[in-house]
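This report describes the ligand site, the aromatic contacts and selected backbone features of one protein model. Please keep the sequence and the structure in view while reading.

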Amino acid sequence: MNRREFLKISAALGAGGAVPTLLGGCAAPPLPGSGEVTSTPTVCNMCFWQCAGTLYQEDGKPWKVVGNPADPHCDGRLCTRGTGGIGAYLDSDRLRQPLLRVSDGDGQRFKPVSWDEAFDFIARRMGEIGEEHGRDRLALFSHGDGGKHFRRLLQAFGSHAYAHPSFAQCRGPRATAFGLTYGEGVGSPDRTDMANSRCIVLIGSHLGENLHNSQVQTFTQAIDNGATVITVDPRFSVAASKSQHWLPIKPGTDMALLLAWMNVLINEDLYDHHYVSRYCSGFEQLAEHVQSFNPEWAYLETGIKPATIRETARMMAKAAPASLVHPGRHTTWYGDDTQRCRAIAILNALLGSWGRPGGFYRQEKVKLPPYPAPKPPKPTRDWKAVVQGDYPLVATGISNQLVEHSIGPDAFIKGWFVYATNLPMTLPGATEQIKAAAESLELMVVVDTMPAEITGYADVVLPECTYLERYDELRNKPERIPTLALRMPAFEPAHQTKPAWWMAKGIAERLDLAAYFPWQDYAEVLDWQLQQVGSSLDEMQRVGIKRFDRKTAPYFGDNEAIRFATPTGTIELYSTVLADIGQDPLPRYTPPDRPPAGFYHLNYGRSPAHTFGRTINNPQLFELVPENTVWVHPSAAASLGVATGDYVLLENPDGRRSNRIRVRVTERIRPDSVFMVHGFGHSDKRQRLARGVGADDAALMHNVKIDPIAGSTGMRASFVTLVREEVS
Ligand code: SF4
């Protein structure tokens, strides 16, 4: 894509009104001033997409970070948040030195301590927990690259319990559903082949506001190529503004629409017969199952007219197999989320899009050997059976289950390491549970670059340096083109901050576990790994990213025999695994809860300038989007007596109230719903910009629906009303 095309696309998406700047960094190096300009390769850590970039400095001072043109994650362009990487480095509110909670005459406070004191305290408490309760009683919560070092530390100690909130609060239902159907997941970055799609169906996916870099670029390519876009959303999102069809569905009824679409594809004989007969099993059961779910039935549930349901199903079929029903990413909505994601997976199979151009491509990564080091001992017992035995299909930790099993004197979990995840604003409606867990736990270590609500509960706070000041493991993600990308320090760590690998090694040395960290510097690990694949740290420090050849074709061959990693070796429209554990083997519709009188469905989403709550205090990004607003339909605004610009409080049916939030009256939202951007409403006073601005949606969630298959937290079943702010 050349720069002219790129600007056109940015302008097109920006026309939706909610995107101030889409993809800011450009591939060309910045024009130098009068000083000496130097550059350092990096991998952006402002979100988890991991775009490769280059940090430019002038006379040793940070200037600009831009995308690396060789990188398929970004195609030479960073998004708005990515260009804010320098803001993260310069943020004057950063954590600066290790902190230890102490009690004195004034109550509890944090005292700055040396790294030695912090490590000694942690190692002593870990030893005491191991002696008194067993060495498997610690858990890791992690969302970020450095978490793997603490995982290694805890495993070496004997504790294997861990959770990434990105599973149970985000991608878990999708991973579980696609695993059940195709034997593998969608991956990250997602394997969606949107640049080649002729029809894209977005169900509650806010592409354009949710700025996953290469996804947005391929989505805009599809729009430019004339692809049909169908958006299902109670809100007229930026993506909806680019769509041929906006289906403003009643919240919580997406499954009814998906079943009706299947009904039309099957009954009008529009599905891909050859693909289904060659690769799928359970078609007869599916065809019988969907018979009663015709568009007329779905209309009563969804509010979408039968003619629209039929027309959109025919559009998908006409474009198939280059027809992508997007799997979404944040999929924890109403509690039946694995089943809804299964319905999406099945719909794609009927269209024959999995493994086909314009649908889903095959991913590959570089075969990179691990650095030679002792393997941590195997666990002495199955922690998952203890903590989350009700969810036997889940191969990873379920964060909300780990929290539950950390409360009370008999709890299994006795200590937490929390790496780069602000649990109170991540786990819905769990503030009181986290408080209770913090009171029960015998050790809580929080590692982060910034203070946040979770650091307030810690016994020890360890300040990590930002991604521009450290090495991390090589980026090696499954994707269309296998690549390795290097993140390396452009600056010495500021203040007394340190990288995660250094901290984990330091704690391990005090526990006689140094053998598990046999490197003096993480650069040794990277260089050794790179040498195994014909490169070196020296080369990567020059180029930043290296592409490798694929070993397999990105799409299925015409007559390729494929064995899928499911029990039957087929794409399972009827899930034999779900049947075996007593769950519905075919997706079933459950009508959603409806709001009490005077309340509205609480919908939430993303701002293109922020990543959750992690970037609100970033001075560059705060300047772009300093607060969230609550979208309200004019009819609701009239009955509530509020207007655009008013400040209100949001209140849930349990009487819990938010911070003040500004009203935006707009017809772009259904009358029964409100919408707000997630991540605002910080209360930690050490975030001087973010504190007290906007409202926190997670704290208002009172009706969290647990998915019976993935154990994840359905977060879109809560309701709020607006309370006028009293002027005192
Ligand atoms: Fe950084 Fe944006 Fe890429 Fe995320 S999508 S890694 S924030 S440039």
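By class, the shell around the ligand comprises eight nonpolar, three polar and one charged residues; Ala, Val, Leu, Ile, Met, Phe, Trp, Tyr, Cys and Pro count as nonpolar, Asp, Glu, Lys and Arg as charged, and the others, Gly among them, as polar. The structure is a predicted model, in which local features need pLDDT of at least 70 and side-chain atom pairs count only at pLDDT 80 or more, while totals for chains, interfaces and linings use all residues. Residues are numbered from 1 along each chain as its sequence is written, and side-chain values use heavy atoms, with hydrogens and water left out.

## Ligand site

The residues around the ligand are Cys44, Met46, Cys47, Trp49, Gln50, Cys51, Leu78, Cys79, Arg81, Gly82, Leu211 and Asn213 (a residue is near a molecule if one of its heavy atoms lies within 4 Å of it). The ligand sits in the second largest cavity. A cavity is a set of points, on a 1 Å grid over the protein atoms alone, where a 1.4 Å probe fits but cannot get out, and a molecule sits in it if more than half of its atoms lie within 2 Å of its grid points.

Gln50 belongs to the loop between strand S1 (37-43) and strand S2 (52-58); helices (H or I, at least four residues) and strands (E, at least two) are DSSP runs, numbered from the N terminus. With 9% relative accessibility, Gln50 counts as buried (buried means under 20% relative accessible area, exposed over 50%, partly exposed in between, with a 1.4 Å probe and protein chains only).

## Aromatic contacts

A pair of aromatic rings is described by the distance of the centres and the angle of the planes. Across the whole structure, 29 aromatic pairs are found; rings of Phe, Tyr and Trp (its six-membered ring) pair if their centres lie within 6.5 Å, and planes under 30 degrees apart count as stacked, over 60 as edge-to-face and the rest as tilted.

Tyr182 and Trp354 form a stacked pair, with 4.0 Å centre to centre and 15° between the planes. Tyr182 lies in helix H6 (residues 165-182) and Trp354 in the loop between helix H14 (337-351) and helix H15 (383-388), so the pair ties together parts that are 172 residues apart in sequence. Both partners are buried: Tyr182 has a relative accessible area of 1%, and Trp354 has 2% relative accessibility.

Tyr371 and Trp519 form an edge-to-face pair, with 5.6 Å centre to centre and 80° between the planes. This pair links distant parts of the chain, 148 residues apart: Tyr371 is in the loop between H14 and H15, and Trp519 in the loop between helix H18 (500-510) and helix H19 (522-532). Trp519 is buried, at a relative accessible area of 5%. Ring pairs also join Tyr371 and Trp519 with Trp501, Phe517, Tyr522 and Trp528 in a cluster.

Two arginines are placed over aromatic rings. The charged end of Arg135 sits over the ring of Phe157, 4.0 Å from its centre, and Arg151 lies over the face of Tyr162, 3.5 Å from the ring centre. A charge sits over a ring if NZ of Lys or CZ of Arg is within 6 Å of the ring centre and within 35 degrees of the ring normal.

## Backbone features

The peptide bond from Ser188 to Pro189 is cis, with omega near 0°, and Pro189 is found in the loop between H6 and strand S8 (199-203). Ala320 and Pro321 are likewise joined by a cis peptide bond, with omega about 5°; Pro321 lies in the loop between helix H13 (306-319) and strand S12 (323-325).

Phe612, a residue other than glycine, has a positive phi near 50°. Phe612 is in the loop between strand S19 (600-605) and helix H22 (619-624) and is partly exposed, with a relative accessible area of 23%.

## Contacts across the sequence

| Pair | Separation in sequence | C-alpha to C-alpha distance |
|---|---|---|
| Thr426 and Gly679 | 253 residues | 8.8 Å |
| Trp333 and Asn603 | 270 residues | 9.7 Å |
| Ala168 and His330 | 162 residues | 9.8 Å |

Thr426 is in the loop between strand S13 (415-419) and helix H17 (431-440) and is partly exposed, at 23% relative accessible area. Trp333 is in the loop between S12 and H14 and counts as buried at 4% relative accessibility. Ala168 is found in helix H6 and counts as buried at 0% relative accessibility.

Notes: 1 Å grid on protein atoms, 1.4 Å probe; cavity = no way out; pocket = protein on both sides within 12 Å on 5 of 7 lines; lining within 4 Å.
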